[in-house]
Amino acid sequence: EAVLGDYSTFTAVLTSHRALPVADGAHSALPGRGVAAEEGAEGASEGWHERPTVCVFMCKSNSARSIAAECIAKSSYKTTEGAIEFYSAGTNNSGLIKAPVQRALTRAGYHVADLQSKSIQMLLQQLQGARIDYLITMCCEAEGELKRNVSVREALKLGDFAPCGVQILHLPFEVPAPTDSCRRQGLTGCEPEANVHYDDMVTRIEAFVADLPENLKKAQPLL
């Protein structure tokens, strides 16, 4: 099974940046954003790990790119400490995971049996009240929904809907849709010739996830 990193690497990089002020272009409370940090209590920097960091990958349908990213990230950063949790959802959820996506993940050594395509409401049910720390959008459609769709913004507590001014951090990571690449070649996605496009998607996501601690430091508040 593919394993790209571990939580000790992840948390060590992020912890070193957790106390930098927002005014300096950094995050005042990086992943974990523990209870003490959220309440502004004395010793907040020591309390950052009191709850897991929640990182959500999002695209339009949660049938290919974002569900693949959830799968790869979960496999790549394993721990029993519960330092970070990975999820995914679609702003216009299809309810299905494309078969070529499942085959591409399987070829790369990932387990796909437990993957579930999710809407935003299903995501919120899974979170059970836990707050999202990072939203990684994987297509321009999803980013547009997060910025302009009032019902989506309210559900995810973005911008003016954020409690106590705590803003979710956003990072765009656009990956070409394999279906678009197939369509340009007259392929449906089921042919052997289409495998290269789905494998390319997996490879791009693996590279991003492998450097996720550094990538997340580029995230900005989604106002």
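Trainee: Where is the place of N62?

Mentor: This is a predicted model, and in it N62 is a residue other than glycine with a positive phi, near 55°. N62 is also buried, because its relative accessible area is 0%, which is under the 20% cut-off. As for its position in the chain, N62 has its place in the loop between β2 (53-59) and α3.

Trainee: Which loop holds K157, and is K157 buried, exposed or partly exposed?

Mentor: K157 is not a glycine, although its phi is positive, at about 60°. K157 is found in the loop between α7 (150-156) and β6 (169-172). Its relative accessibility is 43%, so K157 counts as partly exposed.

Trainee: What span should the twelve residues of helix α3 have, and how far apart are its end C-alpha atoms?

Mentor: Helix α3 runs over residues 65-76, and at 1.5 Å a residue its twelve residues should span 16 Å.

Trainee: How many of the twelve residues of α3 are buried?

Mentor: The buried residues of α3 include R65, I67, E70, C71 and S76. The helix is mostly covered, and the number of its twelve residues that are buried is eleven.

Trainee: Which helix supplies the largest share of the lining of the largest pocket?

Mentor: The largest pocket has a volume of about 300 Å³, and it is lined by 18 residues, with R65, E141, A177, T179 and D180 nearest its centre. By class, the lining has eight nonpolar, three polar and seven charged residues. At least two lining residues come from each of α6 (140-148) and α8 (178-184), and the largest share, three residues, is supplied by α8.

Trainee: Which cysteine has the sulfur nearest to that of C190?

Mentor: C190 is in no disulfide. C190 is exposed, because its relative accessible area is 60%, which is over the 50% cut-off. The nearest cysteine sulfur to that of C190 lies 8.9 Å away and belongs to C182.

How values were computed
Residues numbered from 1 in each chain as written. Predicted model: local features only at pLDDT ≥ 70, side-chain atom pairs only at ≥ 80, totals over all residues. Heavy atoms only, no water. Helix = DSSP H or I, 4+ residues; strand = E, 2+ residues; numbered from the N terminus. Expected span 1.5 Å × (residues − 1). Buried < 20%, exposed > 50% of the residue type's maximum accessible area, 1.4 Å probe, protein only. 1 Å grid on protein atoms, 1.4 Å probe; cavity = no way out; pocket = protein on both sides within 12 Å on 5 of 7 lines; lining within 4 Å. Points joined across faces, edges and corners; volume = space filled by probe spheres on them. Nonpolar A, V, L, I, M, F, W, Y, C, P; charged D, E, K, R; others polar. Disulfide = S-S within 2.5 Å.
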